[in-house]
Amino acid sequence: MPFDPTSTVPACLVALNAPDLDEKTLYDIGRYEVRNRIMTIRGAISPVVFGGKIRAIQLYLDRQRMQARNLSPVDVMRAVELSNIFLPTGELILGDRDYFLDSNALFKQVPRMGEIPLRTEHGNRAFVGDVAQPTDDAMIQTTIVRVDGRKQVYIPVMRQKGASTLRVIDELRDKLPEIESELTRPVKLELIMDQSVFVRQAISSLAREGILGAVLCSLTILLFLGRWQMTGIAVMTIPLSVLSAIIFLSLSQQTINMMTLSGLAIAIGPMVDSAIICLENTDRHLEQGRPPDVAALKGASEVALPELVSTLSTLMVLTPLAVLPGMTSFLFLPLSLSVAFAMTTAYILSRTLIPTCAAAWLKPKGEDEQPRGPRGWIGRASQRGQQLIDDGIQEYGKLLDWVLDHRGPTVIVAYLLLALVLLVLTMAIRREFFPMADAGSFEIYVRAPSGTRLRVTNERIAEVEQFIRGQIPPKDIKLIVSEIGVTPDWSSAYTYNAGKMDSIVRVQLTEERKKGSYEYSDQLREAFAGEKRFHDLEFSFNAGGMIRGALNEGKTTPINIRVKGKDQKTAHRIADRIRRRVANLDGVVDCRILQRLDYPQYVIEVDRAKAADLGLTQEEVMKCVIAAFNSSIQYNKTNFWIDENNGNQYFVGVQFPQAKVESIQTLLDVPITGINQNKHDRRVAVTRQPNLIPGLERTEDHGNPAPVLLSSLVKLSRGSIPTEITHQDILPTMDLQVGVTGSGRDLGHIASDIYRIIDGHFGRLQKEKKSSQDTGTKWDAFDPDSEEQQILQGTTIELSGEYARMMQMFRNLATGLSLAVVIIYFMMVALDKSFLVPLCVLIAVPLILIGVWPALYLTKTSLNVQSLLGIIFSVGIKVANTVLMTDVAQELRKTEGLSPIQAIRKAAEMRVRPVTMTALAAFFAMIPTALALEKGSEANAPLGRAILGGLIAGEPATLFVVPALYALMIRGNPTEPRDPVQAEREAEQHDQGQDEAG
């Protein structure tokens, strides 16, 4: 099935705020009313409700009164189950009428449940009200949600696959007032933690940067072409191509998102390349005195084939990436489609609209002796610019002559420079999976000691929230949302919390913030570490936002070390030893083992023989214990009560009041009865049962057995259990999570250090490799009790997480680029009818790294998905520009009989203007993206910087190194030039002869 990781991350939260309502009512409204209405919004998913209390009918038991009447919690539960029933009574047919039958089998008023009889013997009657108090209350609370310090309820809203985040949230925001007006109680619905703000800001930034890039590109074209008419014709292709791309993206069920906009942004330069080359060639024919229509026809037809190859070359470097599996396809398919649609449209326009407009609007040189451009300073500046360009082309010709005379040393120097750059900078460049961008919010995972009560955790989180507000200026902080604990049902799949001691504190920053999410995360991390009152708490930060969380499939840290084995304790020991070493690495933060083994527990060891001797089963004993302290609802969900006001049903159960659970003795004094106690002669003497209520004497049992106290059947022992258990491939797993600071060392170098720590010290590297993108580097773990590093059979160590995906992505990109190069090579072989010319072009491609590596290093930009995409796109531009030059050289050899050196010399002079113009157009189009001038655009900055570096190095390589390589590799003597008119006439005669033969 298609995979969309962003659909698993909440797009926003809907908070329910009503100061006059309790948590139980808020949860009820959220679950039955608000959530159901949200699900009606197209593309929205609202799976669970967080916070509040789950409404339930609880019969709070009085232990002393139950013992006085020889009753146990299960006795009361059974009586309620038999008296409060939901049965379809059916109908009564009398004569010509049908009558619906109803009864009082299901209680309509909760207090009347006290009238349920427990015993009906004469002199020994008992009712539920004698031993329990029916209350419309809630189940034991296991989770609390705090919104700016107030206890509330919120509903996470996710988007369905293929739906637009902006459309879902906009429709939800519009419908919130309507939903509010239809609620049974007055509740204020607030849209909080709105991720669409970041998405909208990023899209807006990309759009503005694209427009600015288009403007700079247009000015570049004007500078080189020197005519407003030609500039206008070329620029027309940008909006038309973008509009066409948007239409086809919609037809292919893609949305306008960061990847599609990135594709349109990087395609701005290549979109006008076809038009520029066509117009420049047309202008050359106009200078030769040809009529506009002839000049336009020849100008378009002569470059049609090489332009097709150059366009396909750019597309070929992206196509393999779109079809590779997993995350690579998810990221690059939308981008590749947007580039393909835009450039295909631009090529079609350059063969149709551009020549038509050129024929209609342009005039031969002889008909217009006036200087080009408007009069005044603009006209003078244009003329001056044209003169400088012409002078530059002349100087280029002189320099090219020198290069061709020293072609061997030129090539050697170029590749020595490449080797030097790679040797010096490769290890110094940062490596990441995806560039760090300010998401406008961050999360703090707070863990109290295992077993901490919910009430205590709530108090500690209140202190944490107050401390955060003291560290972040009020004008920079917008909202703090805390999620404490976890509901033990399927909603636990949507939270990182493992118990009541865990919390997630989400901090939303304002748009006018002075610092970004990563900066505030680093600041708070240091502040919490220096505050003594928080030393018993464990903190972990995640500032990656929705995009990083989606790409990492929900994991909170970029590096995850998994220790898998049958023995959890041994696996935990290995993970802890690795943690101690890894935590000391420079740049590592928030290093912790996710699964803890220290949750306190009491083990109830029932004496089965003794219980059986008293007519009790293990089930009866444990059901009484569960009912007393956790409500019988935990195992009996067949009994419910229907609220006539809202029509909803709620579970009914029995339970001890939590306030009456004072010590472990309360557990030992739980009364136990069983249905088989009547069949046994042994009874617990009444004299051993204390008079628990002064003045209340026991009645005669009349055959009813006295309950047995739990203390007489069990032994208690203390121990500990895991806070949570994680499995992978059925085996229990310990996850060592390793964070990376936002301002320190990068992911790639830290992961390399971790690799060296694990390899040879904690495990032996496995040789076999799997193809799954989720599989990282694996080792067979060493036995921690062995000094000779013996392999612990069945236990492995795996370096996974975002790092594993980064390495898999890099491999996929390398594979895709290799496939693209092979395809481009054979496509150029067909064009040039030579195996050496395409090889000459491709050999020069790596030279773009001479500019890319310094550009990344000097701007402190990492090598990541975006920068690699920029490198790949630079390869396409480099090949496209070079094809124009080599194609003309090959054609000159055929038509004019020139030698390879003469041909490449003349071809370079002919194509220097369009090659330079297209490179500069792409260069200036990428400047706004590379500068990341606005918030939300940081993620695309590496892409722009890589392209700029590739263009800076690629242009000299195209203009000097490629001619030198061509002169070195291509052999052949000058031949007799062929008359183009005669060649065309011979071709026509040949075609006519074939037709007559047919």
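Tyrosine 520 counts as buried, at 2% relative accessibility; here buried means under 20% relative accessible area, exposed over 50%, and partly exposed in between, with a 1.4 Å probe and protein chains only. This tyrosine lies in helix H18, residues 517-529. Helices (H or I, at least four residues) and strands (E, at least two) are DSSP runs, numbered from the N terminus. The model is predicted, and local features need pLDDT of at least 70, side-chain atom pairs count only at pLDDT 80 or more, while totals for chains, interfaces and linings use all residues. Residues are numbered from 1 along each chain as its sequence is written, and side-chain values use heavy atoms, with hydrogens and water left out.

Which residues surround tyrosine 520, leaving aside its neighbours within four places in sequence? Tyrosine 520 is in contact, meaning heavy atoms within 4.5 Å, with Phe442, Ile472, Pro473, Asp476, Leu509 and Lys515. Phenylalanine 442 is 78 residues away along the chain from tyrosine 520, yet their C-alpha atoms are separated by 8.6 Å.

I turn next to threonine 143. This residue is in strand E10, residues 143-147, and is buried, with a relative accessible area of 3%. The side chain of threonine 143 reaches the backbone oxygen of isoleucine 484 at 2.9 Å. That is a polar contact: a pair of N or O atoms within 3.5 Å, where within protein one must be able to donate a hydrogen and the other to accept it, and residues adjacent in sequence count only if both atoms are side-chain atoms. Not counting residues up to four places away in sequence, threonine 143 touches Gly51, Gly52, Leu454, Ile484, Gly485, Val486 and Thr487.

Now to the charged pairs. Side chains of opposite charge can pair when their charged atoms come close. The term salt bridge denotes a side-chain nitrogen of Lys or Arg within 4 Å of a carboxyl oxygen of Asp or Glu. How many salt bridges does a search of the whole structure find? The search finds 43.

Let me take three of these pairs in turn. Arginine 37 forms a salt bridge with glutamate 182, with the closest N and O atoms 2.0 Å apart. Arginine 37 lies in helix H1 (residues 23-38) and glutamate 182 in helix H5 (residues 165-182), so the pair ties together parts that are 145 residues apart in sequence. Glutamate 182 is partly exposed, with a relative accessible area of 46%.

The side chains of arginine 55 and aspartate 136 also meet in a salt bridge, at 2.6 Å from N to O. This pair links distant parts of the chain, 81 residues apart: arginine 55 is in strand E4 (residues 55-61) and aspartate 136 in strand E9 (residues 132-138). Arginine 55 counts as buried at 13% relative accessibility, whereas aspartate 136 counts as partly exposed at 28%. Both belong to a network of salt bridges that links Lys24, Asp28, Arg55, Asp136 and Asp643.

Arginine 513 counts as buried at 8% relative accessibility, and aspartate 438 counts as buried at 12%.The surface comes next. Ile211, Leu212, Val215, Leu219, Leu931 and Leu933 make a nonpolar surface patch of about 580 Å². Patches are made of residues with over 30% relative accessible area and no salt bridge; like charges are joined within 9 Å, and nonpolar side chains (Val, Leu, Ile, Met, Phe, Trp, Tyr) within 5 Å. Accessible areas come from the Shrake-Rupley method with a 1.4 Å probe, and for residues only the protein chains shown count as cover. Helix H6 (residues 196-225) gives the most to this patch, with four residues. Leucine 931 is in helix H29, residues 900-931, and is exposed, with a relative accessible area of 52%.

On the cysteines, the structure holds zero disulfides, a disulfide being a pair of cysteine sulfur atoms within 2.5 Å. Cysteine 12 is buried at 0% relative accessible area, and cysteine 357 is buried at 9%.

Finally, the whole chain. The secondary structure comes to 31 helices and 29 strands, and of the 998 residues, 55% count as buried. The accessible surface comes to about 44900 Å², of which 56% belongs to carbon and sulfur atoms. Among contacts between residues at least 6 apart in sequence, 80% join residues at least 24 apart.
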